[in-house]
Amino acid sequence: MNQPKFTYAPAPESRDIAHLKPSYQIFVDGEFRDGRGDAIKTINPADEAPLAEVSEADTTDVDDAVKAARKAADKWAALPGKDRGKYLFRIARAIQERGRELAVLESLDNGKPIRESRDVDIPTAAAHFFYYAGWADKLQHAGFGPDPKPVGVAGQVIPWNFPLLMAAWKIAPALACGNTVVLKPAETTPLTALVLAEIIAEEDVPKGVVNILAGGPDIGAAIVENDALDKIAFTGSTEVGKNIQRTLAGTGRRLSLELGGKAANIVFDDAPLDQAVEGIVNGIFFNQGQVCCAGSRLLVQESIEDELISALKRRLATLRVGDPLDKNTDVGAINSAAQLARIRELSDSGEAEGATRWSPACDLPDRGYWFAPTVFTGVSQANRIAREEIFGPVLSVLTFRTPDEAVEKANNTPYGLSAGVWTDKGSRILSIANRLRAGVVWANTFNRFDPTAPFGGYKESGFGREGGRQGLEAYLDV
Amino acid sequence: MSERVAVRKTYKLYIGGAFPRSESGRSYPVTSHQGDLLAHAAQASRKDVRDAVVAARKAFGGWSKATAYNRGQILYRIAEMLEGRRAQFADEVAAAEGGSAKAALTLVDEAIDRWVYYAGWADKYAQVAGNTNPVAGPYFTFSLPEPTGVVGVLSPQDSSLLGLASVLAPVIATGNTAVVVASQQRPLPAVSLTEVLATSDLPGGVVNLLTGFTAELAPWLAGHRDVNAIDLTGAAAEQRTALETAAADNVKRVFVPRSTIWADDPGTTRMTAFVETKTVWHPIGV
Amino acid sequence: MTVTFDRSVLSDVTRDDASLRRFLHGLPGVDQVGAEARAASLATRSIKTTAKAWAIDTAIRMVDLTTLEGADTPGKVRSLCAKARRPDPDDPDVPSVAAVCVYPDLVEPAVAALAGSGVQIASVATAFPSGRAALATKLQDVRDAVAAGATEIDMVIDRGAFLAGRYLQVFDEIVATKAVCGPAHLKVILETGELATLDNTRRASWLSLLAGGDFIKTSTGKVSPAASPPVALVMLQAVRDFADLSGDLRGVKLAGGIRTSKEAVRYLVMVNEVAGEQWLTPDLFRFGASSLLNDLLLQRHKLATGNYDGPDYVTVE
């Protein structure tokens, strides 16, 4: 191919804006201090360069954090709702004020494009605090009885795909309902949660109400196993979720789980095709496909398969893969070497099982964890790439002929987190949406999130909802 | 003139709208609260659990998509059918649970009223538990409760009819189908209830009832990957951990009741436990 | 969208009103929210330094420098033409614009002023801007402009007929206009602000392309809303898909309300990513504008010198 006519010059967001510090500490009982675990280097997945040293917790730090949260619990619950709300409003505003800093930091630590951290992750995190702030003094109107009480102390373990946003999803409703929390961000993406701890400290949230521990899976397990925690909220893989459910079996401790998915994105022959192409792209390449609700299975009506796939490929050729800090980057880096290995392994299995693999021409950087946007056609329901969650920028294309077949294939998975349906026929949308066994159905759109809209899964995608009025239930003693 | 010889009932299982014996051919003696033999009830096996789950799954599509009005009508019809058989159920409850005839009748009446209560909820629950979501964008977004799917119900061991109504009615009112394990020692009112269910326009398979040993059947329900939720009300305390552990295999929703005082206002808790919230988005444009 | 049927179908679809209606209504719908979201997303592209310099010069070369006022005079048109030839008197490196665009009676002075410049002479015709005249009158309007030397004709469609569903009438008028254009290029103004929906924009685009329009153009500039990113998106998709189907590359002209370099550069990004880089040429993409040119010049100067200019440093016609 010739040199393109219109070459976008690099437009990098300045790394300095992140105010990256040489080291980060855990936040326990209102104090920043070194954890008793190892100090690890968190790296930039885009170039594998170390970003900062993070002091990790050990199990005694978990105990300290749980004790601090327990000690703070009664007073926090007894605080008038309007005052709890004001602390949450403060946090929301502080996230907005430091939005650019947090966005750059998130992109550095996670590898996601700055366009997404700037336009989605950070504003939505702020909005989540803003939304639940307003609930704190209105819980009696939420439909859970005249005087709903908090659960107590919650342990919260979150994934690396939306580090700050997931922290907001966990902390905001918990605090609004009068709980205190011990939160552990993912080991590969601790930085924005620890800056959130700074914000929480600066906004004078009473000590012990929020405790944030950096650490690996062992620290997550220590939180889950800690009997003094009344509730566990976990977002992550279905495999780990099942183990947590087993751990909590018989304890009477509460649990909410937001786990994996293998969403079908169903495109009918009368769909608004240009928008469907955008929805497919946004569905599977948003955040490099590292999204539990990603539209990883495209179910296209057979009669328009060729047309849609060629339009999709043309569109994918315009995706810009590269430096996450470049404002024009559409697809950034995979979060970790381990995740990249998994994506590669599953993609290779797709080829081995006979599906046809395609990626647009794109130059991937030499260093860092990169995977080109990939489309598999000729996929059958039995293929691993049609059944297992890849959690990467890999789309599997399957076809259907009738609405019944579309629904049957869409539901033919142990997961049930999300689904998409594209058609210009209103009655069909409602029929399909009704029959899909998934917690979120996007019709003629995909991957939309809002703090007012409950989110969560059916079947093995977990239970409990986050967001909306329904999201309060997980943190109220009902 | 000799006294008439009564025709005694064979107490069978209720699966997919039919009344089979246990495939295992087993039965077990059921005695009154005083220890007198009342009958031999079918002692269901794991294969009966399997068949019941298949029947419940098969019935789920139709029942969950029936109109809420229709479900309410059928639940009310169950109450009507029970009303006509108050005396029979009072006798059976008294035999099973003891207490005065009057007390037993009160329990029957409360059980009937509970069906009426949930009959009324069928077309209101979604209005109370659902809502639109005022999202910050040009989208119409709503969230509605939908039935979880096939629910395994371990009936309370003590309250043979009122307790059963209290755990079963909320499960099916919202559109789930159920595989119920009756009270082990007091199963006969439950079996008689299935006769009511069979004549109340309730589609076969919506409710499947197994009699037998709870401790034997519960693990098969808890571990069954095509069961979406399980109500542990009738589980023995010492079995709970094992059941909850097994339930994790397919991320089952597990319900452990806070209260088993069946005379209390039941509220919505038992419906909320067995629904999923589905959020639907659609753009608003011209 | 890629339409993958045989080209011969194209003649069939315009056989009668019913066929044309079936074809136009059979085009995939446009979801307004999705189209707006895509347009907004493209607008977040950050075009800096060398890319910006290229884009500004390209945009200048795509400008149809326009004056369409009742108060226009030959003097004003001559002045405009001088600017079109050499937009920045102090900098000969600044390229000429694509065309000047005037009413038919002012084509003559424009022809004289632009002789040898390569700048095209566009004229609005067909009872611009409302199109409310007898067909014969509209065609005579075109003939007059072409006879006076116009090399490009910007016609308006009969929006009343379009909205009433008389698609074949609109089609036939375009065909008739094209026939009297002779060698002049025909730009078909859809007046998308009056078509109201993006579905209509898509249908009117296809109708105009089927009828032989060399360009489809958003607006007269006399109706608000005029060009907007979602409308441009849908029209660019139409020419892209029409090219897939027919092999013919047709152009898009955005007109009305585009005043800043920032907007112009965003539209170039859209052209690049939606239609494709083939369309990044004045032969296939134009901005109908008047004040846009001065902002492009100011931005060009800022890029070159690093300093911001004021309006006194560009000429006002």
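Biologist: Before we look at where the chains touch, what puts two residues in contact?

Modeller: Two residues are in contact if their C-beta atoms, placed from the backbone, lie within 7 Å. Keep in mind that this is a predicted model.

Biologist: Let's zoom out. What is chain A built from in secondary structure?

Modeller: Chain A comes to 14 helices and 18 strands. Its C-alpha atoms fill a box of roughly 65 × 50 × 35 Å along the principal axes.

Biologist: How does the radius of gyration of chain A stand against a compact globule?

Modeller: It agrees: a compact globule of 478 residues would have a radius of gyration near 23 Å, and chain A has 22 Å. Buried residues make up 63% of chain A. Also, take the contacts between residues at least 6 apart in sequence: 72% of those in chain A join residues at least 24 apart.

Biologist: I spotted a sheet in chain A with three strands. What order do they come in?

Modeller: That open sheet runs 1-5-4, with mixed pairing. Strand 1 (23–24) and strand 4 (39–43) of chain A are the edge strands, so each pairs on one side only.

Biologist: How do strands of a sheet pair, anyway?

Modeller: They pair through backbone hydrogen bonds, either parallel or antiparallel.

Biologist: Which way do strand 1 and strand 5 of chain A run, parallel or antiparallel?

Modeller: Those two run parallel, and two bridges join strand 1 to strand 5 (residues 50–55) in chain A. Tyr24(A) stands opposite Val54(A) of strand 5.

Biologist: Switching to chain B. How does the span of helix 3 compare with what it should be?

Modeller: Helix 3 of chain B (residues 86–97) has twelve residues, and at 1.5 Å a residue it should span 16 Å. Its end C-alpha atoms are 16 Å apart, which agrees.

Biologist: Which residues of helix 3 of chain B are buried?

Modeller: Phe89(B), Ala90(B), Glu92(B), Val93(B), Ala94(B), Ala95(B), Ala96(B) and Glu97(B).

Biologist: What do they pack against?

Modeller: The buried residues of helix 3 pack against strand 2 (37–42), helix 2 (68–83), helix 4 (101–121) and helix 7 (188–198) of chain B.

Biologist: And what follows helix 3 of chain B?

Modeller: Gly98(B) does, and its phi is positive, near 80°.

Biologist: Back to chain C. What's the overall picture there?

Modeller: Chain C has 14 helices and eight strands, and its C-alpha trace spans about 60 × 45 × 30 Å along the principal axes. Buried residues make up 56% of chain C.

Biologist: Where does Glu69(C) lie?

Modeller: Glu69(C) is in the loop between strand 1 (63–66) and helix 5 (74–85) of chain C.

Biologist: How far apart are the C-alpha atoms of Glu69(C) and Tyr103(C)?

Modeller: They are separated by 8.4 Å, with the two residues 34 apart along the chain.

Definitions and conventions
Residues numbered from 1 in each chain as written. Chains lettered and ligands numbered in written order. Predicted model: local features only at pLDDT ≥ 70, side-chain atom pairs only at ≥ 80, totals over all residues. Pairing = 2+ DSSP bridges. Helix = DSSP H or I, 4+ residues; strand = E, 2+ residues; numbered from the N terminus. Rg over C-alpha atoms; globule rule 2.2 N^0.38 Å. Buried ≥ 20, exposed ≤ 12 C-beta atoms within 10 Å, placed from the backbone. Expected span 1.5 Å × (residues − 1).
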